Amino acid sequence: MNRRKFASKLTLATISGILGADIVFGHQMPQHYLPLGLQDPDPFKLFQKDSEMVLLNDKPWNMEAKAHLLNDKVTPNKFMFIRNNGKIPENINEANWQLTIDGEAALTAKSYSLDELKSKFKTYTYQLTLECGGNGRSEFNPPAKGNQWTIGAVSCANWTGVRLRDVLEDTGINSDAVYIGYHAADTHLSGDPNKEPISRGVPLSKALQDETLLAFEMNGKPIPIAHGFPLRLVCGGWPASASGKWLKKISIRNKIHDGAKMGGSSYRVPCETVAPGSKVEDDAMCIIESMPVKSLITYPKTGALLNSKTLKINGHAWAGELKVKQIEYSIDFGSTWQLCILDQPSNRLAWQHFDASISFPKKGYYEVWAKATDTNDNSQPMVLPGWNPKGYLNNACHRIAVKVV
Ligand SMILES: Nc1nc2c(c(=O)[nH]1)N[C@H]1C(S)=C(S)[C@@H](COP(=O)(O)O)O[C@H]1N2
Ligand SMILES: [Mo]
């Protein structure tokens with residue numbers, strides 16, 4: 001039931017209860033009217049998102065981009081997807097914010113204020129690709145439950161912060177450490193304070209990489225609230241669920257972190273390929289680590305009408321922990337492929353830009369398909385890759401339609 005229908009079934013007294021005040025002229029209120037006080041704020045204004053972004057859900061907030069919105073080399077906030085599992089924390093006081101490092105494999109437990117983090121450790125800036133593990137979920141069949149992301153749950157912004165490694169080493173890492181897990185300030189949708197909406201992590205080896213940051217800035221400014229203000233973990237190239245927002249605590253674990261959304265079918269896929277629709281036992285599921293090779297054509301916008309037979313396309317390609325070694329395009333439904341020009345990433349784990357000049361043989365309808373290959377020779381599949389219960393890791397080729405008129 002949507003909230004409008006829900007509200008139409010409520011009595012005036014109940015609505016007053018929710019609003020926390022009497023509706024003085026309630027008897028004048030039109031029937032089935034949803035009082036503004038019960039309506040959600042405009043998320044585009046609230047989070048300063050472009051009006052072309054697509055809202056997938058409001059409880060919690062989830063919003064994605066369209067391919068042509070992601071044309072910038074460095075993703076600005078207005079085009080960055082939002083993926084929340086719980087409620088965004090309110091009334092954040094930066095001055096009192098503490099990050100605690102603890103865990104059974106930490107030599108001690110230590111807390112740092114934001115000022116301490118900034119003054120004690122060296123600051124780094126990296127451009128890092130963050131893609132939701134469920135990006136592309138909407139195409140799986142049988143369908144997978146969850147946000148029906150199409151292609152827009154990916155971003156590549158500049159993140160500034162201190163290295164997680166430097167802070168973990170300052171606290172002290174025990175020799176039995178194997179994993180880290182994050183804990184954050186967002187709250188569970190049920191309102192239960194003992195439940196965390198999400199608490200994921202990465203193996204220690206990923207945590208210790210140069211580019212794994214405790215970030216306090218995005219694109220040179222304090223991180224926007226939807227993206228984790230005032231402190232966020234950023235683990236580029238891995239499912240973005242590993243990059244904890246509103247970060248309060250990192251636990252150094254002597255076992256695989258067992259926080260919320262680390263088990264079952266959350267961010268896990270069958271270790272071996274299964275037939276679509278199969279039921280997969282828990283112990284046959286493996287945690288997603290590096291994201292697979294993928295690309296997007298960000299110019300032109302699909303549906304473009306061209307009055308010329310030549311077209312310059314451009315976009316980005318990325319490959320999780322790996323680099324993209326080649327990207328090709330096809331205008332004949334994948335029968336033949338031509339190489340695109342591919343740039344180096346601005347740093348490890350940043351997406352890579354590509355462009356190509358296409359000559360169409362004659363007027364008519366075409367599809368432009370793009371296919372990237374990583375340094376391990378894995379290419380993007382042209383159709384859907386392996387089905388999995390939650391619809392993760394869809395890295396099928398992106399396509400756009402164009403008409404030469
Ligand atoms: N604390 C917290 N961190 C979180 C989440 C969350 O719900 N709470 N969502 C995760 C998921 S699933 C994704 S895909 C990314 C999304 O990051 P973004 O909203 O900044 O694009 O944040 C991750 N970090
Ligand atoms: Mo995600």
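Reader: Which cysteines form a disulfide?

Author: This is a predicted model, in which local features need pLDDT of at least 70, side-chain atom pairs count only at pLDDT 80 or more, and totals for chains, interfaces and linings use all residues. Residues are numbered from 1 along each chain as its sequence is written, and side-chain values use heavy atoms, with hydrogens and water left out. A disulfide is taken as a pair of cysteine sulfur atoms within 2.5 Å. With sulfur atoms 2.0 Å apart, the pair that forms one is Cys 271 and Cys 286.

Reader: What parts does the pair tie together?

Author: Strands here are DSSP runs (E, at least two residues), numbered from the N terminus. Cys 286 is in strand β15 (285-287), and Cys 271 is in the loop between β14 (268-270) and β15, so the parts tied together are 15 residues apart in sequence.

Reader: Is Cys 271 buried, partly exposed or exposed?

Author: Buried means under 20% relative accessible area, exposed over 50%, and partly exposed in between (1.4 Å probe, protein chains only). The relative accessibility of Cys 271 is 36%, so Cys 271 is partly exposed.

Reader: Which cysteine sulfur is nearest to that of Cys 397?

Author: Cys 397 is buried, with 6% relative accessibility. Cys 397 is in no disulfide, and the nearest cysteine sulfur, 11 Å away, is that of Cys 340.

Definitions and conventions: Chains lettered and ligands numbered in written order. Helix = DSSP H or I, 4+ residues; strand = E, 2+ residues; numbered from the N terminus.
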